[in-house]
Structure formats: C-alpha cells, structure tokens
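Visitor: Hi, I'm new to this one. Could you show it to me and walk me through some of it?

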Amino acid sequence: MIKRNFTPFPILTTERLTLRQLSTDDQQDILALRSDPEINKYLAREPSKTIEDATNFINKVNEHIQKNNSIYWAITLAKTNTFVGTICLFNFSDEKNSGEIGYELMPKFQKQGIMTEAIQEVITYAFQWLKFQKIVAFTHQENHHSIKLLEKVNFLPSPETHQEDPGFNVFTCNSSCF
C-alpha cells in the first residue's frame, strides 16, 4: 500500500530547478499555461479564460494535496524563481502501488532539457518516497515531443489502450526508470 502524506509539502530541487507547491501568487502563470493553445492542443480540457479560473484551479489542486489525493508542483528556475511549468502525480492506485504522471511546460522553455530534469526528479520521488511499483503516462499519439520525452526517461510503450480515447498512447515506467 502506498503511504502518502504531502504535509509538509515535498519541495524537490535539481541543479537548475525548484519544484514547489502552487500558490495564488502563481495565478497569472497558471492562466498563461492553461490558456495557451499549443499546450492545450492535445489535452481534453476547457482552457482557463480568467484569473478566477486560474485561482480556482490552484485552490482545487491544493485541496487535493491536503487530502493526499495528488501532488502537483510548480516548476521554477532555481536562480530566478521564474515559473516555467507544472508536473504532477495523480490517479493513485493503492492496489497496484502506482500513479499517473502529467506535465506541461511553457513553450518558450521547451527543448532546454527542463522537463527531462523535472520528470527524473519526480520519478525518483515516486519510487523512493511513495514506494510506487509503476508510473503511467498517457500522451496523444500526435504529441511527438511528449512521446520523445517519455522514451528519453525510460518509459516504455504499453500494450494497454486508453479506455476513453484510443488516440492516446499509454506509457509505463517501473523502478528501472530511475
């Protein structure tokens, strides 16, 4: 069984990044991230349209963290505290000791190795601290950048299919990923 307790919130750091909890101070960045057409291109969600949408999202995320139902990090550049994206673990399965990973990165910060660095840190956290046996990722079959990222960090294509949308590929990672 997965032991989850996200209090205090686990701040993760790498050479270039700090992964920290979202706050309402991030509302403008969350609005920009969740309203960007390029980022939302492959996601089945309604884009954020207002600061209120962004604030409501942040509050909802933090409520889930308090209940230990998911964990969601803001990805910031360590030297400047610049918000560049988000990464999360959610859809936990106690029976399978597993969870799902999701991530998004502002377009101007893509192709710099930032998400590779962030995802590797979150994978390590999931296996070492949460004792996951498996992490699952779903990505649209046309989202070649996300597929390439998952392969780079040792996720493997799964024979499973996404039950709700056959246009999504399923990738899995076990403890050999990190």
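**A walk through the model**

Guide: Let's start at a pair of strands: T13 stands opposite T18 in β2. Strands here are DSSP E runs of at least two residues, and helices are H or I runs of at least four, numbered from the N terminus. This is a predicted model, where local features need pLDDT of at least 70 and side-chain atom pairs 80 or more, while totals for chains, interfaces and linings use all residues. Residues are numbered from 1 along each chain as its sequence is written, and side-chain values use heavy atoms, leaving out hydrogens and water.

Visitor: Which way do β1 and β2 run, and how many bridges join them?

Guide: They run antiparallel, and two bridges join β1 to β2 (residues 17-21). Two strands pair if DSSP finds at least two bridges between them.

Visitor: What's the strand order in the open sheet?

Guide: The order is β1-β2-β3-β4-β5-β6-β8-β7, eight strands with mixed pairing. β1 (12-13) and β7 (156-157) stand at the edges with a single partner strand each, so one side of each has no neighbour in the sheet.

Visitor: And which strands does α3 touch?

Guide: α3 packs on the sheet, touching β2 and β3 (71-77). Contact means heavy atoms within 4.5 Å.

Visitor: Switching to α1, which of its residues are buried?

Guide: In α1 (residues 27-35), those are I30, L31, L33 and R34. Buried means under 20% relative accessible area, exposed means over 50%, and partly exposed is in between (1.4 Å probe, protein chains only).

Visitor: Why do they line one face?

Guide: Seen down the axis of α1, the buried residues fall within an arc of 170°, so they line one face of the helix. That arc uses the directions from the helix axis to the C-beta atoms.

Visitor: What do they pack against?

Guide: The buried residues of α1 pack against α2 (37-40), α3 (51-66), β4 (83-93) and β5 (98-105).

Visitor: New topic: how many salt bridges are there in the whole structure?

Guide: A search finds six. A salt bridge is a side-chain nitrogen of Lys or Arg within 4 Å of a carboxyl oxygen of Asp or Glu. One of them links R20 and D26, whose closest N and O atoms are 2.7 Å apart.

Visitor: Is R20 buried or exposed?

Guide: R20 is buried, at 17% relative accessibility, and D26 is buried too, at 4%.

Visitor: What about K49 and E46, buried or exposed?

Guide: Both are exposed. Their salt bridge has its closest N and O atoms 2.9 Å apart.

Conventions
Axes fitted to C-alpha atoms, helices over the stretch in contact; angles between N-to-C directions.
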